[in-house]
Amino acid sequence: MHLSLNTVTVKERWGLADCIEGCARHGITGIAPWRDVLQAMGVDAAAKRIRDAGLVVTGLCRGGMFPAADAAGRAAAIEDNRRAIHEAHTIGARCLVMVCGGLPLGSKDLPAAREQVREGLHAILPEARAAGVTIALEPLHPMTCADRSVLSTLGQALDLCDELDEGTGVALDVYHVWWDPDLARQVARAGKRIAAFHVCDWKVPTTDTVFDRGIPGEGCIDIPAIRAMVTQAGYTGGFAEVEVLSKRWWAEDPDMVLPLLKQRIATSV
Ligand code: ZN
């Protein structure tokens, strides 16, 4: 598989312009920007730069965050997702990655939060379909259920895809799904609905639930086994998107990190 650089991997050192130039310098053909760096450059200008560089945009990170304590908050989230759909369309992203959101602050009502995610997705689906932007539901590890995603398993994401149907898929991130005893069955079930394949690694011990990811090969995830499942299921996207949120790796020079990631794609993915 080819490497796609998720911009969060080098976020402490590089803005989007640096990432685009760095991909060219290191022979990397895919990119997945986060919305903050995209907006910092300006969406139209970024779209042109990415197009001129010939980069495949494997995804835009991220939409979602639907649950909120009140109706105004939920409406604001839906509006923000509509802007994200427009941005994804403008840069030609293969998908808009959805981090669906956790419990509203102070709430213990998990079923209600899940229902708010469902309603939010239904609300934005017409715009996504009209724009030709695939909504890629990314299940997140259950340790994030309180604050980032009440969507926790691939099976749960696929149930939502079954319901939402056209214009939806899943973003499969090995960090979030590797532990799932039902993974093989659910990846096979996902089939061509796998819109993005994210790689990094689970370090032992993990010292931070968000910012201590490893690069592929650094941890305990059998990434080649998951990659085989994904390929077998029908993922033809050709890219493994490296998404490493890590204080340790953020401290390194990206011009050292990118060649290492290329090597790890070849040896550890
Ligand atoms: Zn991811």
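By residue class, the lining of the second largest cavity comprises five nonpolar, one polar and two charged residues. In this predicted model, that cavity has a volume of about 30 Å³. Its lining is formed by T58, R94, A195, A196, F197, Y235, F239 and E241. Two strands, β8 (194–199) and β9 (239–242), each contribute at least two residues to this lining. The largest share, three residues, is supplied by β8.

In total, the structure contains two cavities of 30 Å³ or more. The largest cavity has a volume of about 40 Å³. The residues M143, T144, R148, Y175, H176, T209, V210, R213 and L245 line the largest cavity. Division of this lining by class gives four nonpolar, three polar and two charged residues.

A zinc ion is present in the model, with E138 (OE), D173 (OD), H198 (ND1) and E243 (OE) as its coordinating residues, at 2.1 to 2.2 Å. The angles among the four donor atoms range from 85 to 163°, and the site is classed as irregular. Along the chain, the donors of the zinc ion are arranged with the spacing E-x34-D-x24-H-x44-E. Because E138 lies in the loop between β6 (134–137) and α6 (154–164) while D173 belongs to strand β7 (residues 168–173), this pair ties together parts that are 35 residues apart in sequence. The accessibility of these two donors was also computed. E138 is buried, with a relative accessible area of 3%, and D173 is likewise buried, with a relative accessible area of 0%.

The overall fold was then examined. The chain has 11 helices and nine strands. Its radius of gyration is 17 Å, close to the 18 Å that the globule rule gives for 269 residues, and the chain is therefore as compact as a globular protein of that length. Along the principal axes, the C-alpha atoms of the chain fill a box of roughly 45 × 40 × 35 Å. Of the 269 residues in the chain, 54% are buried.

Most residues other than glycine have a negative phi, and most peptide bonds are trans. In this model, a cis peptide bond joins C61 and R62, with omega at about -5°. R62 is part of strand β4 (residues 60–64). A cis peptide bond also joins V204 and P205, where omega is about -5°. P205 is placed in the loop between β8 and α9 (223–233).

Positive phi values were found at residues other than glycine. One of these is M65, with phi near 55°. M65 occurs in the loop between β4 and α4 (71–90), and this residue counts as partly exposed at 28% relative accessibility. Another is D165, for which phi is near 65°. D165 is situated in the loop between α6 and β7. With a relative accessibility of 52%, D165 counts as exposed, since the class of exposed residues begins over 50%.

A further loop position concerns K108, which lies between β5 (95–99) and α5 (110–131). K108 is exposed, its relative accessible area being 81%. The C-alpha atoms of K108 and A146 are 8.9 Å apart in space, although the two residues are separated by 38 residues in sequence.

Key: Residues numbered from 1 in each chain as written. Predicted model: local features only at pLDDT ≥ 70, side-chain atom pairs only at ≥ 80, totals over all residues. Heavy atoms only, no water. 1 Å grid on protein atoms, 1.4 Å probe; cavity = no way out; pocket = protein on both sides within 12 Å on 5 of 7 lines; lining within 4 Å. Points joined across faces, edges and corners; volume = space filled by probe spheres on them. Nonpolar A, V, L, I, M, F, W, Y, C, P; charged D, E, K, R; others polar. Helix = DSSP H or I, 4+ residues; strand = E, 2+ residues; numbered from the N terminus. Donors = N, O, S within 2.8 Å, 3.2 Å for Na, K, Ca; no water. Tetrahedral: all angles 85-135°; square planar, octahedral: opposite > 155°, others 65-115°. Buried < 20%, exposed > 50% of the residue type's maximum accessible area, 1.4 Å probe, protein only. Rg over C-alpha atoms; globule rule 2.2 N^0.38 Å.
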